[in-house]
Amino acid sequence: MTQGPVLIVGAGHAGFQLAASLRQHGFGERIALINDEGHLPYQRPPLSKAYLKGEGRPDSLMFRPDKFYHDQNIDLISDRAVSIDRVRRKLLLASGASLDYWRLVLATGARNRLLDIPNANLEAVRYLRILDESEALRQRISSGQRVVVIGAGFIGLEFAATARAKGLEVDVIELGTRVMARAVTAEISEFFQQRHTVAGIRIHLGVQVTSIEAEGGKVTGVSLSDGRHIPADLIVVGVGVLPNVELAAEAGLPVASGIIVDEHLLTADPNISAIGDCALYASPRFGASLRLESVQNATDHARCVAARLTGDAKAYDGLPWFWSDQGPDKLQIAGLTTGYDRVVVRGDRAQGAFSAFCYKSGQLVGIESVNRAGDHMFGRRLLAANGSITPEQAADTGFDLKHALT
């Protein structure tokens, strides 16, 4: 197979893994990794947890030291992609440089969804997705401060738990009727809401922030849709992300809630793929198009494309899994639990170690586990093999889950 340069736009989990996997598969042509952040490629999960707590230096987050890219002959280019010339197979960078490609892979990720309310651009209104944002918050947060967290998703609650552990007064504002409502079952939401409340975090549901109040450019608090005012010195926003599809769209590639790709992660242009958080991919496993935001999805996408570019083309069929560390508790999810019609709890909620087994029409579709890593690993193996157990077996702690894997 005639090969040439592979350009990868984006140096997050997906982009880094693709470059590394291509070399592992013996790809011998040029690999250029376009990195628009001022750091070596790094891990994102610790940004809202360990790193924010003050554990480690920035270099502790890096996937590999600079020597790795030199040794592997991976060109790490600090620049930003601005346009694609699909006819001539060229990528134009913000610096004015133009790079030729044999194959182009878009791993452009996603960006924070921004607040559109009065005073949302003040210095003390912060987001948390990239290293610079985490570093800025790490320098800002100190005991005794009052922080309002807007959004009770994973990032919002992870930050809230970290801030509370560091002695801050924490209020969480959530428009939905329960925390993490889009991601988990009511059973998991209720457990985490209780745990955060016991830790001293005040959670306000069914309301939204209508404005950020300030005096002389300094944040003083927030006003809520129910008329209340909550004082604050710092605002942290976690209201979701938007996929970075603009580069693809401007090149004439189809986009929707992500860059549209097929089961091989190919766009409408056979020379261009998209992977990770930005990719809306056709999933044979679920019979639908999905866009997922997870490390697993990003790295597995990358491995799939690396295999295809080196002669081993297979449809992407990865089983999604996720995790979130909130205070002392670890939430792990195997499968996709959207659309379930029955939930069976296994374990002891009172002891803080249980799993929610989610069923749709009698078929197990996902497992959400709190401090039960064994259930999570079981779920990943069983669901990857399209297996199931009955709701009665799931509820029976005397049933040995290993029997279902034989």
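What follows is a conversation about the terms used for this structure and the values behind them.

Guide: Please keep in mind that this is a predicted model, in which local features need pLDDT of at least 70 and side-chain atom pairs count only at pLDDT 80 or more, while totals for chains, interfaces and linings use all residues. Residues are numbered from 1 along each chain as its sequence is written, and side-chain values use heavy atoms, with hydrogens and water left out.

Visitor: Why is C278 called buried?

Guide: Buried means under 20% relative accessible area, exposed means over 50%, and partly exposed is in between, with a 1.4 Å probe and protein chains only. C278 has 0% relative accessibility, and therefore counts as buried. C304, at 10% relative accessibility, counts as buried too.

Visitor: What makes T406 exposed?

Guide: Its relative accessible area is 85%, and T406 is therefore exposed.

Visitor: Why is the pair of F191 and F192 called edge-to-face?

Guide: Rings of Phe, Tyr and Trp (its six-membered ring) pair if their centres lie within 6.5 Å, and planes under 30 degrees apart count as stacked, over 60 as edge-to-face and the rest as tilted. By this rule there are nine aromatic pairs. The rings of F191 and F192 have centres 5.3 Å apart and planes at 90 degrees, so this pair is edge-to-face. Both F191 and F192 are buried.

Visitor: What makes the rings of F191 and F354 an edge-to-face pair?

Guide: Their centres are 5.3 Å apart and their planes stand at 75 degrees, so this pair is edge-to-face. F191 lies in helix α5 (residues 186–198) and F354 in strand β25 (residues 353–360), so the pair ties together parts that are 163 residues apart in sequence. Such helices (H or I, at least four residues) and strands (E, at least two) are DSSP runs, numbered from the N terminus.
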